[in-house]
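This report covers domains, interfaces and strand pairing. The sequence and the structure come next.

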Amino acid sequence: MANKMHVKLTLNGQQVEGLAEPRTLLIHFLRENLNVTGPHIGCETSHCGACTVDMNGKSVKSCTVFVAQANGAEVTTVEGLVNPDGSLGVIQEMFREHHGLQCGFCTPGMITRAHRLLQENPRPTEEEVRFGMAGNLCRCTGYQNIVKAILASADMLNAQKEAAE
Amino acid sequence: MIPAGFDYHRPADLASALSILQTHGDEARVIAGGHSLIPMMKLRMAEIAHLVDLQDITDLKGITVGDAEVVIGAMTTQAELIGHDGLAARLPLLREAALQIADPQVRNMGTVGGNVANGDPGNDMPGLMQCLDASYEVVGPDGARMIPAREFYEAAYFTARGDDEILTRIVIPVPAAGTGYAYVKQKRKIGDYATAAAAVLVGKGGASVAMTNLADTPVWSEEASAALAAGDIEGAVAAMLDAIDPQEDMKGPVAFKKHVAAVILRRAIAQAQARAA
Ligand SMILES: Cc1cc2nc3c(=O)[nH]c(=O)nc-3n(C[C@H](O)[C@H](O)[C@H](O)COP(=O)(O)OP(=O)(O)OC[C@H]3O[C@@H](n4cnc5c(N)ncnc54)[C@H](O)[C@@H]3O)c2cc1C
Ligand code: FES
Ligand code: FES
């Protein structure tokens with residue numbers, strides 16, 4: 001019982017692997033085995049969303065996924081949302097520009113969730129942003145600037161897409 | 001918040017999953033989305049030697065929308081249920097209720113089967129399924145059987161499903177055309193379980209009323225349903241208040257819960273009646 005298993009993930013586009021007990025939570029595997037410390041641990045009880053990652057194209061709270069369940073999955077963290085040259089991606093840049101963070105603790109989860117929200121709904125209303133971000137808590141900003149940053153990201157991403165077409 | 005260790009199994013089909021359950025008896029438990037089970041395991045309120053992950057069993061997935069009935073595979077996530085437009089057109093009550101469960105991340109993992117199988121009185125889908133008169137198919141070593149949702153819940157975390165059975169799908173009869181519906185839930189914040197929630201169907205000569213988190217099981221009331229079918233709203237509320245058995249907890253004292261239950265039920269009835277054709 002509790003033997004370690006061989007875990008493989010596609011993490012931010014790279015093949016990674018490690019040994020872990022099945023009971024290891026995905027967030028602990030990312031942070032402690034793989035040294036990917038973007039996703040944070042806020043509550044560890046599935047409430048705050050600081051640990052949000054993208055798993056097989058869906059936002060999930062990685063404190064409530066066993067690494068065994070995630071074995072073989074494609075996982076994206078906030079580290080994977082930078083531009084290829086290493087500069088900030090659009091959503092990251094908009095959070096900076098619109099002061100979508102203060103202490104920054106919730107930010108990796110916010111940005112990773114916002115990334116998926118804008119894939120699912122590229123032109124959200126303010127209300128849809130608030131509803132879609134309801135699984136992420138922030139104790140600093142009062143949310144106003146987070147919502148602004150996400151709406152600005154949507155505009156920017158849509159403009160980029162139109163320019164490319 | 002580290003759960004106790006376990007052996008992990010990820011069978012590819014239902015037969016293998018059932019045989020693992022048979023081999024290990026009550027030492028084994030299935031995991032669907034894990035969003036009720038993992039929190040319990042972290043608190044060490046559930047210790048499981050063998051965890052059987054159902055995620056690879058494709059037979060347990062999918063939604064079929066027929067004219068007379070709708071069939072939902074147990075491993076369909078709450079997000080998939082919400083995203084299915086054909087289902088929302090045929091049975092809008094399901095989407096309305098599912099959108100009030102937890103938050104987007106939780107709904108991406110949490111399954112319909114896990115929600116109804118769990119047996120937590122706080123879960124929203126059991127009351128909803130009782131209102132709709134759904135049945136659950138469970139499959140065990142002796143084959144498949146159907147259990148009506150109204151007979152499934154025995155006490156908190158005790159259901160009519162045997163330890164060696166897996167819930168495979170949920171069959172819901174489609175209400176008659178023109179039936180009004182509503183799911184109304186009072187919660188303290190997003191991601192919270194209901195202080196009180198009501199599922200209501202009302203149409204020509206028929207009605208069905210169930211409530212959530214006001215007893216150690218969901219409460220479908222035949223008397224309340226009959227009163228509402230006869231157009232007697234106050235009779236329906238009185239019958240429901242008689243049927244529930246709320247306990248004091250951090251959501252409030254008993255008198256408050258009964259008050260909220262009546263308010264929520266009246267709102268749900270008004271909304272369902274307004275939607276009835
Ligand atoms: C922050 C948070 C807020 C939440 N808020 C709500 C809410 O407001 N309303 C609500 O209804 N729920 C809520 N939930 C619970 C959530 O909806 C769960 O996902 C759901 O209750 C269980 O589904 P699951 O797929 O995650 O099941 P799991 O956690 O995997 O399983 C739950 C139980 O059911 C058993 N089980 C699962 N599938 C089967 C099957 N096919 N056959 C037999 N047994 C099975 C498991 O063995 C286990 O005992 C919340 C959860 C969290 C973390
Ligand atoms: S750390 Fe996962 S939800 Fe808070
Ligand atoms: S910026 Fe501090 S918690 Fe959100």
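This is a predicted model: local features need pLDDT of at least 70, side-chain atom pairs count only at pLDDT 80 or more; totals for chains, interfaces and linings use all residues.

Two strands count as paired if DSSP finds at least two bridges between them.

**A hairpin in chain A**

Strand β1 (residues 5–11) of chain A and strand β2 (residues 14–20) of chain A run antiparallel and are joined by seven bridges. H6(A) has L19(A), in β2(A), as its bridge partner. Two residues lie between the strands of this hairpin, and N12(A) takes a positive phi near 50°.

**Domains of chain A**

Chain A is assigned two domains, domain 1 (5–79) and domain 2 (82–164). Their C-alpha centres lie 21 Å apart. To the contact, domain 1 of chain A gives 20 residues and domain 2 of chain A gives 13 residues. About 1200 Å² is buried between the two domains, with carbon and sulfur atoms giving 54% of that area.

One salt bridge is found across this domain interface. Separately listed is the salt bridge of R116(A) with D54(A), whose closest N and O atoms are 2.8 Å apart. Seven residue pairs are in polar contact between domain 1 of chain A and domain 2 of chain A, both residues being at pLDDT 80 or more. On the side of domain 1 of chain A that touches domain 2 of chain A, β3 (52–55) and β4 (58–61) of chain A each supply at least two residues. That side is made up of six nonpolar, ten polar and four charged residues.

**Domains of chain B**

Chain B is divided into domain 1 (7–53), domain 2 (58–173) and domain 3 (180–275). The centres of domain 2 of chain B and domain 3 of chain B, taken over C-alpha atoms, are 20 Å apart. Domain 2 of chain B brings 23 residues to their contact, and domain 3 of chain B brings 25 residues. Between them these domains bury about 2000 Å², 58% of it on carbon and sulfur atoms.

The interface of domain 2 of chain B and domain 3 of chain B holds two salt bridges. K185(B) forms a salt bridge with D124(B), with 2.9 Å between the closest N and O atoms. The elements α5 (92–98), α8 (124–132) and β8 (153–155) of chain B each give at least two residues to the side of domain 2 of chain B that touches domain 3 of chain B. The largest share of that side, seven residues, comes from α8(B). By residue class, the side divides into 13 nonpolar, five polar and five charged.

**A sheet in chain B**

An open sheet of four strands has the order β11-β12-β13-β14 (chain B), with antiparallel pairing. Its edge strands, each pairing on one side only, are β11 (180–186) and β14 (219–220) of chain B. Strand β12 (residues 196–203) of chain B pairs with strand β13 (residues 206–212) of chain B over seven bridges, in the antiparallel sense. L201(B) has S208(B), in β13(B), as its bridge partner.

**The interface of the two chains**

In the contact between the chains, 35 residues of chain B meet 31 residues of chain A. Chain B and chain A bury about 2500 Å² between them, and 61% of this is on carbon and sulfur atoms. F6(B), Q105(B) and N108(B) supply 23% of the area that chain B buries against chain A, more than any other three residues.

There is one salt bridge between chain B and chain A. The side chains of D103(B) and K61(A) meet in a salt bridge, at 2.6 Å from N to O. β1 (7–9), α2 (37–42), β3 (50–53) and α6 (104–109) of chain B are the elements that give two or more residues to the side of chain B that touches chain A. α6(B) gives the most to that side, with six residues. The residues of the side divide into 18 nonpolar, nine polar and eight charged.

| Parts | Buried area | Share on carbon and sulfur atoms |
|---|---|---|
| Chain B and chain A | about 2500 Å² | 61% |
| Domain 1 of chain A and domain 2 of chain A | about 1200 Å² | 54% |
| Domain 2 of chain B and domain 3 of chain B | about 2000 Å² | 58% |

Terms used
Residues are numbered from 1 along each chain as its sequence is written. Chains are lettered from A and ligands numbered from 1 in the order in which they are written. Side-chain values use heavy atoms; hydrogens and water are left out. Contact means heavy atoms within 4.5 Å. Buried area is the accessible area (1.4 Å probe) that two parts lose on being put together, summed over both. A salt bridge is a side-chain nitrogen of Lys or Arg within 4 Å of a carboxyl oxygen of Asp or Glu. Ala, Val, Leu, Ile, Met, Phe, Trp, Tyr, Cys and Pro count as nonpolar, Asp, Glu, Lys and Arg as charged, and the others, Gly among them, as polar. Domain bounds come from an automatic or database domain assignment. A polar contact is a pair of N or O atoms within 3.5 Å; within protein, one must be able to donate a hydrogen and the other to accept it, and residues adjacent in sequence count only if both atoms are side-chain atoms.
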